[in-house]
Amino acid sequence: MGQSSRTTPKVAVLMGGPSAEREVSLSSGRECAAALRGEGFEVVELDAGPDLCDRLAEIKPDVAFNALHGRWGEDGCVQGLLEWLRIPYTHSGVLASALAMDKQRSKEVYEAVGLPIVESVISHKDAVMAAHLLEPPYVVKPNNEGSSVGIYIVQEGANRPPVLEETMSTYVMVEEYVAGRELTTTVIGDRALTVTDIITEGWYDYEAKYAVGGSRHELPADIPKDVFERCMDYALRAHDALGCRGVTRTDFRWDEARGADGLILLETNTQPGMTPTSLVPEQAALFGMTFGQLCAWMVEDASCDR
């Protein structure tokens, strides 16, 4: 953490921003800001807009707590700005953030280190709407957004390709659909915490993630020991392969019928949600770490050159 003559470190919590995940980021930011105040930090809440650079120069924080989600906050952009200003910040650095946010490139990194992935292609959305690019069932999603924003599932036997909203990115990922359960594992520093089984009615979409009662989280997950251990191992290996720092969360699909070989790695979140229904705080709490302690750990872990 940066040196300061202040006895109480000043933390700027970056939140909001212009991405599709603005509302979730505002919720995360408010929760984190309140928790950090409870831990004795001086906190300034900062809605990240075009004047972000000027505001940070004005505030002169000791640390920037990055509670942004989605593009600009999670893809290396704000990390580059903070490096330029030499303000220590939380979570992953420029390269790891950019890699993890680009689903296709992160999959190439996973494949290079032997982590299990499914077939996918990147294509112009017009081509995706014109014909099936993979045999149904398959999933269509933005290549560079998170939080299940803009997910389309094309069911087995579907005659027609999906009709995508105009707001979808120009280029999207078409990915083989994996049946089964949603599992996730948090990494804090160099340690994988546990596995959560995310139980929903249907797809784990934006509403299921963030609405109270949208999903039920079973942790530790009641799954076979070898599958559990693979989740822990794969999450740590993904975190390291991408060059991540601080806290990440890696998501999986598990096809029970195939045993441990049915476990597929979907993506690694470098800015996982920090809201009341979020998965990372739940996993940390299982190990006796309060939400305030988790946020404080992230501030103490902050640095430049991440």
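These legends describe close-up views of a predicted model.

**View 1. A five-strand antiparallel sheet.**
The open sheet runs in the order E10-E9-E8-E11-E12, and its pairing is antiparallel. Strand E10 (216-218) and strand E12 (263-269) stand at the edges. Each has a single partner strand, so one side of each is left without a neighbour in the sheet. On average, neighbouring strands are turned by 30° against each other, direction ignored. Strands of a sheet pair through backbone hydrogen bonds, either parallel or antiparallel.

**View 2. Two helices on the sheet.**
Helix H8 (residues 225-242) packs on the sheet. H8 touches strand E8 (181-188), strand E9 (191-199), E11 and E12. The direction of H8 makes about 120° with that of E9. Helix H9 (residues 279-286) lies across E8, E9, E10 and E11. H9 also runs at about 120° to E9.

**View 3. Strand E11 and its two partners.**
E11 covers residues 247-254. Eight bridges join E11 to E8, and the two run antiparallel. On the E12 side, E11 pairs in the antiparallel sense over six bridges. Arginine 253 shows both contacts of the strand. Glutamate 182 stands opposite arginine 253, while in E12 the bridge partner of arginine 253 is isoleucine 264.

Val247, Arg249, Asp251 and Arg253 point one way from E11. Thr248, Thr250, Phe252 and Trp254 point the other way. All of these residues are buried. E11 is thus mostly covered, with eight of its eight residues buried.

**View 4. The largest nonpolar core.**
This core has 26 residues. Those with the most contacts inside it are Leu183, Val195, Ile223, Phe252 and Leu263. Helix H4 (94-101), helix H5 (103-112), E8, E9, H8, E11 and E12 each supply at least two residues of the core. The largest share, eight residues, comes from H8. In soluble globular proteins, nonpolar side chains tend to be buried together. A second, separate core of 25 residues includes Val13, Val63, Met274 and Ala284.

**View 5. Leucine 263 and its contacts.**
Leucine 263 is among the residues with the most contacts inside the largest nonpolar core. Leaving out residues up to four places away in sequence, leucine 263 touches Pro116, Leu183, Val227, Arg230, Cys231, Tyr234, Phe252, Arg253 and Trp254.

**View 6. The covered side of helix H10.**
Helix H10 spans residues 291-301. The buried residues of H10 are Gly292, Leu294, Cys295, Ala296, Met298 and Val299. What covers them includes strand E1 (10-15), helix H1 (22-38), E3, E8, E11 and H9.

**View 7. Aspartate 305 after H10.**
Aspartate 305 lies in the segment after helix H10. Its phi is positive, about 55°, although aspartate 305 is not a glycine. Relative accessibility is 58%, so aspartate 305 counts as exposed.

**View 8. Arginine 71 over tryptophan 72.**
The charged end of arginine 71 sits over the ring of tryptophan 72, 4.7 Å from its centre. Tryptophan 72 lies in the loop between strand E3 (63-66) and helix H3 (77-85). Phi of tryptophan 72 is near 75°, a positive value in a residue other than glycine. Relative accessibility is 39%, so tryptophan 72 counts as partly exposed.

The peptide bond from proline 136 to proline 137 is cis, with omega near 5°. Proline 137 is found in the loop between helix H6 (125-130) and strand E5 (138-142). The peptide bond from leucine 219 to proline 220 is also cis, with omega near -10°. Proline 220 lies in the loop between E10 and H8.

Key:
Residues are numbered from 1 along each chain as its sequence is written. This is a predicted model: local features need pLDDT of at least 70, side-chain atom pairs count only at pLDDT 80 or more; totals for chains, interfaces and linings use all residues. Side-chain values use heavy atoms; hydrogens and water are left out. Two strands pair if DSSP finds at least two bridges between them. Helices (H or I, at least four residues) and strands (E, at least two) are DSSP runs, numbered from the N terminus. Axes are lines fitted to C-alpha atoms, for helices over the stretch in contact, and angles run from 0 to 180 degrees between N-to-C directions. Contact means heavy atoms within 4.5 Å. A charge sits over a ring if NZ of Lys or CZ of Arg is within 6 Å of the ring centre and within 35 degrees of the ring normal. A nonpolar core is a set of buried Ala, Val, Leu, Ile, Met, Phe, Trp, Tyr and Cys residues joined through side-chain atoms within 4.5 Å. Buried means under 20% relative accessible area, exposed over 50%, partly exposed in between (1.4 Å probe, protein chains only).
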